[in-house]
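Please open the structure in a viewer and keep the selection tool at hand.

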Amino acid sequence: MKKIIAANWKNNGSKKFVKDFFDYFLDNVDTKNEIIFFPPDLYIDQVNNYRNKEIFSLGGQNLNTNPFFKTTVTGANSCDMFLDNNCSHILIGHSEVRAQYNDTLIFSEQLKHVNGKLKVIFCIGEEELDRENNSTSEKLSELLDTLVKNFKITHIPVFVAYEPVWAIGSGKTPTLEDISYIHRFIKNKILEKLPSLKEKDIMVLYGGSVNLKNAKDILNTPYVDGVLIGGASLDVKEFTNICNLKI
Ligand code: PEP
């Protein structure tokens with residue numbers, strides 16, 4: 001079955017890294033899975049130059065951090081700039097961005113600004129403390145509210161990345177049973193709040209310490225539509241092998 005494999009490069013890479021990566025990747029990738037790269041903004045254009053084979057899509061990692069889009073903002077990128085660079089996707093609400101700004105207003109404004117022009121991958125995840133207090137579902141529902149309240153018909157399919165904060169970059173992952181349970185919970189919660197949607201309109205990706213050893217099992221887990229990969233997406237051989245997995 002076709003799955004989404006997304007690479008979040010965060011603030012890693014260089015022009016040489018991008019060249020070496022795609023020289024290898026394009027020669028070795030062989031998949032029907034849907035691949036999306038989220039390079040740092042400064043390398044989106046360079047990555048875009050490797051897109052002639054239409055093997056992958058491109059996305060931005062962070063739209064803007066200022067809620068007042070009507071004014072011009074130093075250091076910001078607009079939705080149209082990402083579109084101009086052939087991006088089709090945008091990450092919104094990544095926990096590393098939330099940790100810096102911790103303001104749902106920002107994510108609401110970002111969703112409004114995108115207005116269906118880019119496919120949003122909305123990231124949510126509980127902290128270690130939420131897990132210890134058995135309040136994972138409450139936390140996820142609260143974070144999902146921002147997405148649901150700003151939902152527009154043009155956002156179909158709705159993409160959510162479930163990324164437990166304690167699993168990101170830690171080498172720890174939830175059990176497959178927990179991943180499945182939570183993905184189902186997310187889908188049901190969205191369906192409950194947006195009853196006009198169907199289950200197929202909601203795609204939930206798992207993110208947090210995915211690597212070649214655990215990717216196949218995670219991708220085969222019920223209710224998992226794909227993965228969002230940080231660290232392991234920087235190792236071109238490992239990432240290519242993950243993309244090539246037959247699920
Ligand atoms: C991420 O930050 O989106 C992520 C999933 O990171 P990692 O795979 O390194 O845990």
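Helices (H or I, at least four residues) and strands (E, at least two) are DSSP runs, numbered from the N terminus. The model is a predicted one, in which local features need pLDDT of at least 70 and side-chain atom pairs count only at pLDDT 80 or more, while totals for chains, interfaces and linings use all residues. Residue numbers start from 1 along each chain as its sequence is written.

Select residues 104-114, which form α5. Which residues of this helix are buried? They are Ile106, Phe107, Glu109, Gln110, Leu111 and Val114. A residue is buried if 20 or more other C-beta atoms lie within 10 Å of its own, exposed if 12 or fewer, and partly exposed in between, with C-beta atoms placed from the backbone.

Now select aspartate 103, in the loop between α4 and α5. Aspartate 103 is exposed, because 12 other C-beta atoms lie within 10 Å. Its C-alpha atom is separated by 18 Å from that of valine 160, 57 residues apart along the chain. Just after α5, asparagine 115 takes a positive phi of about 50°.

**Second stop: helices α7 and α8**

Two packed helices are described by the angle between their axes and the distance between the axes. Select α7 (residues 136-149) and α8 (residues 176-193): they pack at an angle of about 45°, with axes 10 Å apart. Axes are lines fitted to C-alpha atoms, for helices over the stretch in contact, and angles run from 0 to 180 degrees between N-to-C directions. The two helices are therefore oblique to each other; angles under 35 degrees count as roughly parallel, over 145 as roughly antiparallel, 65 to 115 as roughly perpendicular and the rest as oblique.

Display the side chains of the contact: α7 contributes Ser137, Leu140, Ser141, Leu144 and Val148, and α8 contributes Phe185, Ile186, Lys189, Ile190 and Lys193.

Most residues other than glycine have a negative phi, and most peptide bonds are trans. Select asparagine 134, in the loop between α6 (128-132) and α7. Although not a glycine, asparagine 134 has a positive phi of about 55°. Is asparagine 134 buried or exposed? Asparagine 134 is exposed, with 8 other C-beta atoms within 10 Å.

Next, select serine 209, in the loop between β7 (202-207) and α9. The phi of serine 209 is also positive, near 60°. Serine 209 counts as buried, because it has 22 C-beta neighbours inside 10 Å.

Select residues 236-243, helix α10, where Phe239, Thr240, Ile242 and Cys243 are buried. These residues cover an arc of only 160° around the axis, so they lie on the same side of α10; the arc is that of the directions from the helix axis to the C-beta atoms. Among the elements that cover them are β1 (4-8), α1 (15-28), β2 (34-38), α9 (212-219) and β8 (226-229).

**Last stop: phenylalanine 37**

Finally, select phenylalanine 37 in strand β2. Phenylalanine 37 is buried, because 27 other C-beta atoms lie within 10 Å. Leaving aside neighbours within four places in sequence, phenylalanine 37 is in contact with Ala7, Val47, Phe56 and Leu58.

Note on methods: Contact = placed C-beta atoms within 7 Å.
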